[in-house]
Amino acid sequence: MSDNAYAAVLGRKNEIMKRALGLDFDSFIQSPIAFDYERLMAATGYSLEDIVRIQADSKVGNTPLYELKNLTEAVRRTAAPGKGARILVKDEAANASGSFKARRASISAYEAQKKGFKGLIAATSGNYGAAVASQAAMRGLKCIVLQEVFDSRGVCQPEIVEKSRACEAYGAQVLRLSVGPELFYMALRTLEATGFFNASLYTPFGIRGVETLGVEVVEQVRRRYGQDPDAVVITHAGGGNLTGTARGMLAAGCANARVVACSVDLGGLHMASDTDFNKKSFTTGHTGFGVPFATWPDRVDVPRNAARSLRYMDEYQLVTQGEVFYVTELLTKLEGLERGPAGNTSLTAAVTLARTLDRDQIVVVQETEYTGAGKHHNRQLSFARENGIEVRRGDPAGNVPGRTIVIPERLDQVRGRVQDMDRLRASYLKNAAKVLPPDQWSATDLAFLAADLKVGVDRVKALGASHD
Amino acid sequence: MEPIAAGTWVEIESVLLEPGERAPNLPPETAKVPYILKASGFLVGDAELGREATIRTLIGLEYRGRVVAVNPGYGHSFGPTVPELLTIGIGGNA
């Protein structure tokens, strides 16, 4: 009988994870900071062609790319003369299980089956749960999804209830948990007890699976418009969507498109707070994940995170909950597409971005997700009201996370706020300094940090010093 | 209390960690409440609402906890209409 005390389980973390992934990270690790990222990614053993084939066999990929002509026209009416890039959206809701997360799950499920695991485990309150459950179902593997669902009053966040339902619909076992970071503790216990595969969001398998999304975006735009996209906008939480997509774009030879991240601003709400839990109208794609994961990716359920967003990110925009709800409604009524919050977060940033670019330029929103009961923005807003949050139309500058949601009155009020990238990079370096003091950083560490921040070594030194 | 027959689909609840056993550095409002698991499965033996019982889940694993619901459903919905949304985008206006 194992000791299930919190500290005892966390103490067995490394051995549990090593067995549950069949991938030994030790051989890639160079120092407390540095590791050989590209060698880790290559260690999956899959080429891009392999991944395309596995996904085609598992109802994933080749999703449609739509031009949002009516929304583009509406944005042009709010832009300076000659401005207003075309806005395109990649309809990732068309994947099995209804989101881009199927790309991530497909490779993990294939790998688990190949290695002879009887089942998969994922700790996620997002679409990834249904994606793993769906992929496990088609491979005849067992699946356990652990979700953070309810607060201490027993009140469930409606979007996560829908995600529980979807997982159980695919035959998965769902462990529904109260608010707290102990989700990871329970995931470790479950991995240990079952011997199942750790279908973590942050393994190289998951991230390599997203590369096809970036490739498809570039190839579809080239085929239809004879040019590369000028910007690709990506909803940002844990960083896997951005990392995989950007790597795919590079693999397709598209090095000049701007990679733009976007998160919903939930500043001031604590992610581990029992009382803040049901004051959030977004369960992911928000700053509660986006900022900490960008500024220290290795806070995850694998020894090193394959999702490293600052390696690829050129710009980071924050939007308000009210702005996303407004743009969601516009997508529905102007374009006849009813979709869920994740892709509509990046669509909100795309509106701001398109307004500043020329008419012959192209902005791609690289995902949609399905919507429905619980996930729908009408439910999120009515739930917010039930939890004492004020909902009104007005200037979105009045949004206060956890207190007030202001839905814009007009499109020209949708204005994503571009963040200072150097502040994010400095914050990353501050976290790196906690792991290893800067005076002990070797040439290997500096080179790793430079690559991880998409800057030169001199800039790493300057940014590191600026934070002392 | 009416017994619930073995084989019935139920939801159980159990405390995984008492307040003093939880992760360090939690906000006080989280630290003071227990960490709770809920799971659904088929009852292994006859049981009563509110009493301890063992379930077998969809994938055949067994969990023990207090029975809190029989044939638990999903109560989520689209919610009452939020009128502020209705007029957005009507007639092509943004």
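Analyst: A residue is buried if 20 or more other C-beta atoms lie within 10 Å of its own, exposed if 12 or fewer, and partly exposed in between, with C-beta atoms placed from the backbone. Strands (E, at least two residues) and helices (H or I, at least four) are DSSP runs, numbered from the N terminus. This is a predicted model, where local features need pLDDT of at least 70, side-chain atom pairs count only at pLDDT 80 or more, and totals for chains, interfaces and linings use all residues. Residues are numbered from 1 along each chain as its sequence is written, and chains are lettered from A and ligands numbered from 1 in the order in which they are written.

User: Why is strand 9 of chain A largely enclosed?

Analyst: Strand 9 covers residues 315–319 of chain A, and four of its five residues are buried, so the rest of the structure largely encloses it.

User: How many bridges join strand 8 of chain A to strand 9 of chain A?

Analyst: Two strands pair if DSSP finds at least two bridges between them. Here there are five, between strand 9 and strand 8 (residues 258–264) of chain A, and the two run parallel. A:Tyr316 is the bridge partner of A:Ala261.

User: Which strand of chain A runs antiparallel to strand 9?

Analyst: Strand 13 (residues 417–418) of chain A, joined to strand 9 by two bridges. There, A:Arg417 stands opposite A:Leu318.

User: What handedness has the β-α-β unit?

Analyst: A crossover is right-handed if, with the strands pointing away from the viewer, the path from the first strand over the helix to the second runs clockwise. Strand 8, helix 12 (residues 287–295) and strand 9 of chain A make a right-handed unit.
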